[in-house]
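Reader: I have a chain open and a few things to ask about it. Can we go through it briefly?

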Amino acid sequence: MVLSAGLLAASSAIAADLDAGRRKAAPCVACHGPEGHSTNPTVPSLASQVATYLHWQLLLYRDKRRVDAQMGPIAAALSESDMADLAAFFAAQRTPPPSSTSTGPVGNETGQRLAESYHCNDCHGRDFGGRDYAPRLRGLSREYLVAQMRGFKARTRGDLDGAMTQAAQPVADADIEPLADYIGSIR
């Protein structure tokens, strides 16, 4: 199933239309900000997010495997072409700057150590820029990162193949905030 979803997203991304995505993204600006740069710490910035990941998230919202009162109805109305266009548009935007303040060298060392011990870099990349199917975490707000990690750990956050839900289970509750501080501070 994951392979077929990946092929679907990849084939859709190839046919994506950036200009159409820009037009279709106009309603997204209200929450996700101009060109996907959110100023709301509870709403993710979509700029430079991995296109395959964005497409999959829209599919999850549409299929009610990821639940959100605002995103569900929006995604329900999107065609495969719409999703591909939106994903391509947001992926093509520049990365937003880090939205949280640095925790200082000690906090960053702790967060870096935790990220390494939990193997966060294996999927999200060394610089947390995302890759393949894994989202870019760099530039997301601390609040959003904490909420998503807690959702995965509680098994209330939708996940395409369960990989992140499984990865979140061994993460100690006390480690979530230091991880978010560190990841949110990466430039």
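Reader: Which backbone oxygen does the side chain of arginine 136 reach?
Author: That of serine 45, at 2.9 Å. Bear in mind that this is a predicted model.

Reader: What polar contact does the arginine 136 side chain make with another side chain?
Author: One with the side chain of serine 48, at 3.1 Å.

Reader: And where is arginine 136 found?
Author: In the loop between α8 (120-124) and α9 (142-154).

Reader: Is arginine 136 buried or exposed?
Author: Arginine 136 is buried, and it has no salt bridge. Aspartate 127 is the nearest side chain of opposite charge, 9.4 Å away.

Reader: Different topic. How many helices and strands are in the protein chain?
Author: The protein chain has 11 helices and zero strands. It has 187 residues, of which 49% count as buried.

Reader: What about the largest nonpolar core, which residues have the most contacts inside it?
Author: Phe128 and Leu179, in a core of 20 residues. Two or more residues of this core come from each of α7 (104-117), α9 and α11 (173-185). Apart from it lies another core, of 18 residues, with Leu60 and Leu160 among them.

Reader: Back to phenylalanine 128. What is it in contact with, leaving aside neighbours within four places in sequence?
Author: Its contacts include Arg136, as well as Leu137, Tyr182 and Ile183.

Reader: Last one: how much accessible surface does the protein chain have?
Author: About 9,500 Å², with 57% of that belonging to carbon and sulfur atoms.

Note on methods
Residues numbered from 1 in each chain as written. Predicted model: local features only at pLDDT ≥ 70, side-chain atom pairs only at ≥ 80, totals over all residues. Heavy atoms only, no water. Helix = DSSP H or I, 4+ residues; strand = E, 2+ residues; numbered from the N terminus. Buried < 20%, exposed > 50% of the residue type's maximum accessible area, 1.4 Å probe, protein only. Lys, Arg positive; Asp, Glu negative; His and termini not counted. Salt bridge = Lys/Arg side-chain N within 4 Å of Asp/Glu carboxyl O. Polar contact = N/O pair within 3.5 Å; in protein donor to acceptor, adjacent residues only side chain to side chain. Areas by Shrake-Rupley, 256 points an atom, 1.4 Å probe, with all protein chains shown as cover. Core = buried A, V, L, I, M, F, W, Y, C linked by side-chain atoms within 4.5 Å. Contact = heavy atoms within 4.5 Å.
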